[in-house]
Amino acid sequence: MLAGDLWVPAWLVMVLVSGYFMTLALHAPGVARNTYAELRRRGYEVCPGCGYALRGLEPDAERCPECGREREPLPPPPIVKEPKKPDPLRGELPPGGFDQWS
Ligand SMILES: [Zn+2]
């Protein structure tokens, strides 16, 4: 194979290209599982196995209609801590100073 003035063996091109696609193919299931898990953490009820949206199914439906996997309850929503408000009576100031309160 001739690419300009640089000679590259065809087998090297085939190995690199096939390695690229093999890497994509091997990572695709993990990427999909992480996506489904993140959707579930955010409160979207999707099947953790196939990603099928389970919203609107009968509440007593026990299995995913797409893949047959047993339906799992959503994880509890994450606890979000509110940032502590400064207490001026204790001498605490907001990060921007007094201008924040005017
Ligand atoms: Zn499913």
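A residue counts as partly exposed when its number of other C-beta atoms within 10 Å falls between the buried cut-off, 20 or more, and the exposed cut-off, 12 or fewer. The legends below rely on these cut-offs, and the model they describe is predicted.

**Figure 1. Val46 in the segment after α1 of the predicted model.** Val46 sits in the segment that follows α1. Val46 has 19 other C-beta atoms within 10 Å, so it is partly exposed. Its contacts, leaving out residues up to four places away in sequence, are Tyr36, Leu39, Arg40, Gly51, Tyr52, Ala53 and Leu54. One of these, Tyr36, is 10 residues from Val46 in sequence. In space, the C-alpha atoms of Val46 and Tyr36 are 6.6 Å apart.

**Figure 2. Helix α1, end to end.** Helix α1 covers residues 10-41, 32 residues in total. At 1.5 Å a residue, α1 should span 46 Å, and its end C-alpha atoms are 46 Å apart, which agrees. Confidence in the protein chain is highest here, at a mean of 94.

**Figure 3. The bend at Ala28.** Helix α1 bends by about 35 degrees at Ala28. A proline, Pro29, follows within four residues.

**Figure 4. Gly68 and Gly49.** Gly68 belongs to the segment after α1. With 10 other C-beta atoms within 10 Å, Gly68 is exposed. Gly68 and Gly49 are 19 residues apart along the chain. Their C-alpha atoms are separated by 9.2 Å.

Figure 5. Glu70 is exposed, because 10 other C-beta atoms lie within 10 Å of its own and the exposed class takes 12 or fewer. Glu62 and Arg63 are in contact with Glu70, once neighbours within four places in sequence are left aside. Gly49 lies 21 residues from Glu70 in sequence, with 9.4 Å between the two C-alpha atoms.

**Figure 6. Strand β1 and the order of elements.** The protein chain holds 1 helix and 2 strands. From the N terminus on, they run β-β-α. Strand β1, residues 2-3, has the lowest confidence in the protein chain, at a mean of 56. Where pLDDT is low, the predicted coordinates should not be read in detail.

**Figure 7. The protein chain as context for the close-ups.** The C-alpha trace spans about 80 × 55 × 20 Å along its principal axes. The radius of gyration of the protein chain is 26 Å, whereas a compact globule of 102 residues would have one near 13 Å. Buried residues make up 2% of the 102 residues. Among contacts with a separation of 6 or more, 14% join residues 24 or more positions apart. The average pLDDT of the protein chain is 87, and 92% of the residues score at least 70.

Definitions and conventions
Residues numbered from 1 in each chain as written. Predicted model: local features only at pLDDT ≥ 70, side-chain atom pairs only at ≥ 80, totals over all residues. Expected span 1.5 Å × (residues − 1). Bend = angle between axes of the 7 residues up to and from the residue. pLDDT = per-residue confidence, 0-100. Rg over C-alpha atoms; globule rule 2.2 N^0.38 Å. Contact = placed C-beta atoms within 7 Å.
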